[in-house]
Amino acid sequence: MKTNAARLLDGLLIPYKLRDYDVDPNDLAAETVAAKIGLPPEQVFKTLVARGDRNGVCLAVIPADTELDLKALAEVHADRKVQLVALKEVQPLTGYIRGGVTALGAKKAYPVYLDETAELFDVISVSAGVRGTQMFLAPADYIRATNATLAAIAHSK
């Protein structure tokens, strides 16, 4: 099944691979996904939806084994402060459900901030837009497809 994210990459002629995994609705943690697809958690990126006090909604894409640095995100998004949006807002804002959120093919082209550690890898993994499928692509291609800004926005748990 082609997702909106896959169709977007196809249209941009960006190479990618899809990898399916078994979904446990009680454990949607990115670290669990990393283990299921056989990649280290620092190479699997989760997409979080945040809202700044000045510039509105943005997407933060950080490694599975890290936490979002809200102050750093606020700084790069030119806000005084940012907060993660409530879970009930995620689908109306992005078109995706928890565990399947991606900046690729989201309902609206929100600003995307990708943690700078993505550049350490030849390939990163992000959600393909549905639970149970991850997408593998080069960080530079992800940046091109999402118009992402690289920034230090994550810290260790």
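A salt bridge is taken here as a side-chain nitrogen of Lys or Arg within 4 Å of a carboxyl oxygen of Asp or Glu. By this rule the count comes to four salt bridges. The model examined is a predicted one. Side chains of opposite charge can pair when their charged atoms come close.

Glu31 is joined to Lys157 by a salt bridge, with 3.0 Å between the closest N and O atoms. Glu31 belongs to helix 2, whereas Lys157 sits in the segment after strand 10 (154-156), so the pair ties together parts that are 126 residues apart in sequence. Glu31 is partly exposed, at a relative accessible area of 31%. Lys157 is exposed, at 54%.

A salt bridge also links the side chains of Arg51 and Glu89, at 2.7 Å from N to O. Arg51 comes from strand 2 and Glu89 from helix 4, so this pair ties together parts that are 38 residues apart in sequence. Arg51 is partly exposed, with 33% relative accessibility. Glu89 is likewise partly exposed, with a relative accessible area of 24%.Asp53 and Arg80 meet through their side chains in a salt bridge of 3.1 Å, N to O. Asp53 is in the loop between strand 2 and strand 3, and Arg80 is in the loop between helix 3 (70-76) and strand 5 (82-84). The pair links distant parts of the chain, 27 residues apart. Asp53 is partly exposed, at 34%. Arg80 is exposed, at 60%.

The largest nonpolar core has 31 residues. Those with the most contacts inside this core are Leu9, Val49, Leu104, Val126, Met135, Leu137 and Tyr142. Another core, of 11 residues, lies apart from the largest one. Among its members are Cys58, Ile62, Leu68 and Tyr113.

Neighbours within four places in sequence are left aside here. Leu137 then contacts Leu9, Ile14, Pro15 and Tyr16, among others. Its contacts also include Asp122, Val123, Ile124, Val126 and Tyr142.

Pro139 has its place in helix 5. With 6% relative accessibility, Pro139 counts as buried, because the cut-off for burial is under 20%. Beyond four places in sequence, Pro139 touches Ala118, Phe121, Asp122, Val123 and Ile124.

Gln43 is a polar residue in a buried setting. Gln43 lies in the loop between helix 2 (30-37) and strand 2. At 14% relative accessibility, Gln43 falls under the 20% limit and so counts as buried. The side chain of Gln43 reaches the backbone oxygen of Val123 at 2.8 Å. Residues up to four places away in sequence aside, Gln43 touches Phe121, Val123, Ile124 and Ser125.

Open space was then considered. Rolling a probe the size of a water molecule over the atoms shows where empty space is left. The largest pocket holds about 540 Å³ of space. It is lined by 28 residues, of which Lys46, Thr47, Leu48, Arg98 and Gly99 are the closest to its centre. At least two lining residues each come from helix 2, strand 2, strand 4 (66-68) and helix 4. Strand 2 supplies the largest share of the lining, five residues.

Backbone geometry also has points to note. Leu13 is not a glycine, yet has a positive phi of about 60 degrees. Leu13 is found in the loop between helix 1 and strand 1 (17-20). At 74% relative accessibility, Leu13 counts as exposed. Ala78 also has a positive phi of about 60 degrees although it is not a glycine. Ala78 is located in the loop between helix 3 and strand 5. At 45% relative accessibility, Ala78 counts as partly exposed.

Definitions and conventions. Residues are numbered from 1 along each chain as its sequence is written. This is a predicted model: local features need pLDDT of at least 70, side-chain atom pairs count only at pLDDT 80 or more; totals for chains, interfaces and linings use all residues. Side-chain values use heavy atoms; hydrogens and water are left out. A nonpolar core is a set of buried Ala, Val, Leu, Ile, Met, Phe, Trp, Tyr and Cys residues joined through side-chain atoms within 4.5 Å. Buried means under 20% relative accessible area, exposed over 50%, partly exposed in between (1.4 Å probe, protein chains only). Contact means heavy atoms within 4.5 Å. Helices (H or I, at least four residues) and strands (E, at least two) are DSSP runs, numbered from the N terminus. A polar contact is a pair of N or O atoms within 3.5 Å; within protein, one must be able to donate a hydrogen and the other to accept it, and residues adjacent in sequence count only if both atoms are side-chain atoms. On a 1 Å grid over the protein atoms alone, a cavity is a set of points where a 1.4 Å probe fits but cannot get out, and a pocket is an open set with protein on both sides within 12 Å along at least five of seven lines; lining residues have an atom within 4 Å of a point. Grid points are joined across faces, edges and corners, and a volume is the space filled by probe spheres set on the points.
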